[in-house]
Amino acid sequence: MNRQEDHIDELIGKYLAGEAEADEIAFIESWAGKDEVNQKYIEQFSTIFQKAAQVREFQVYDTDAAWTKLKANLRSPGGKVIPIQNRSPFGLIWRIAATVIVAVGIGYFTYTSFSSSAIEPFVVETAKKIVTDTLPDGSSVVLNRETKLAYSFDKKKQAHTVKLSGEAFFSIHHDDSKTFIIDLAGVFIRDIGTSFNVKAYPESNTIEVVVEEGEVMFYSDEDSGIYLRENGKGVYNKDTKTFTIDQPEPNALAYTTKFFSFSNTDLVSVVEALNDVYDKKIILHDNLKNCHLTVSFNNETQEEIVTIIAETLGLTVTEADGKIKLEGPGCED
């Protein structure tokens, strides 16, 4: 091996950087043409050189470890390590370049891993209590009883996704550059700057959406669906796979507001609405099922509400085993 071959890495570095003399250029090109392994060696260095040139910010890394890793990959077809002199100035450049490439690889892997939708989702689950929480994007949510919510954000797609089983009221922290979608196993609700309620219990054959403010898209994989605006209600039938528009019930959001409005409503329906919100179950005697009530409640306690109902209809109240029983003379048809 001649003197130039003793410093081949330095010459390649000068060659790629455009700093080689005419005789050095001629030598490198001749050396590359002698053997396919030599040509491959220059190509590998060229790739490192180009990648390193693209990096604008440097951090401190273990250059020795990176260099060792690079040398392990620079082998001839027979398994022999291609000799590289790492004492020369350009040898140091290549060591730094190799380190940069390793660092870029690590950074890219980290970015793509944490940018994917595989990030561990934010999960909220309720049992017998109504829960209010805030999602990581700043949106607020009220979860009714027996509800499970899993939130995730895909940075690459700029998409917020919520998977829901049960009932929840959403006040979305809207951002036009990002999408917010409720995923209900093939049925979807897309926010368009809104607050809305979703009722999607797995045992029910319907999914209901009530929009308090703004607008949503309500659709499925197979159907473009419907648009719902303020005070609108949409219903998806799981059996027929169809969407319909309906009028929202007066107390559809009572579990979030504790506001109830009853207008000549039968007492059975009144009690059902109250039992959906409060902890203690109210039980009616059979002869009270024909009674009707016109009244409003605004954030009263369950005890206050029961007292008002009893006084209005002349009923007696007894409580045992965590249940409230209403009894009385009954009402005429």
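1. Strands here are DSSP runs of E with at least two residues, and helices are runs of H or I with at least four, numbered from the N terminus. Two strands pair if DSSP finds at least two bridges between them.

2. The model is predicted: local features need pLDDT of at least 70, side-chain atom pairs count only at pLDDT 80 or more, and totals for chains, interfaces and linings use all residues. Residues are numbered from 1 along each chain as its sequence is written, and side-chain values use heavy atoms, with hydrogens and water left out.

3. β4 (residues 148–154) runs antiparallel to β5, with seven bridges. Ser 152 has Thr 161 in β5 as its bridge partner. β4 and β5 form a hairpin with four residues between them, and Gln 158 in the turn has a positive phi of about 55 degrees.

4. β3 (residues 140–143) is also antiparallel to β5, over four bridges. Val 141 stands opposite Phe 170 there. β8 (residues 195–200) pairs with β5 in the antiparallel sense over six bridges.

5. Elsewhere, three strands form an open sheet in the order β15-β18-β17, with mixed pairing. β15 (281–284) and β17 (316–320) are the edges; each has a single partner strand, so one side of each lacks a neighbour in the sheet. β15 pairs with β18 (residues 323–327) in the parallel sense over four bridges. Ile 282 stands opposite Ile 324 in β18.

6. Now the helices. α2 (residues 8–17) and α3 (residues 22–34) pack at about 110 degrees, with axes 10 Å apart. Axes are lines fitted to C-alpha atoms, for helices over the stretch in contact; angles run from 0 to 180 degrees between N-to-C directions. That makes α2 roughly perpendicular to α3 (65 to 115 degrees). The residues in this contact (heavy atoms within 4.5 Å) include Ile 8 and Tyr 15 in α2, and Phe 27 and Trp 31 in α3.

7. The whole structure holds eight aromatic pairs (ring centres within 6.5 Å, using the six-membered ring of Trp). Phe 218 and Phe 243 form one that is edge-to-face, 4.9 Å centre to centre and 80 degrees between the planes; edge-to-face means over 60 degrees. Phe 218 lies in β10 (residues 215–220) and Phe 243 in β13 (residues 242–246), so the pair ties together parts 25 residues apart in sequence.

Terms used
Angles under 35 degrees count as roughly parallel, over 145 as roughly antiparallel, 65 to 115 as roughly perpendicular and the rest as oblique. Rings of Phe, Tyr and Trp (its six-membered ring) pair if their centres lie within 6.5 Å; planes under 30 degrees apart count as stacked, over 60 as edge-to-face and the rest as tilted.
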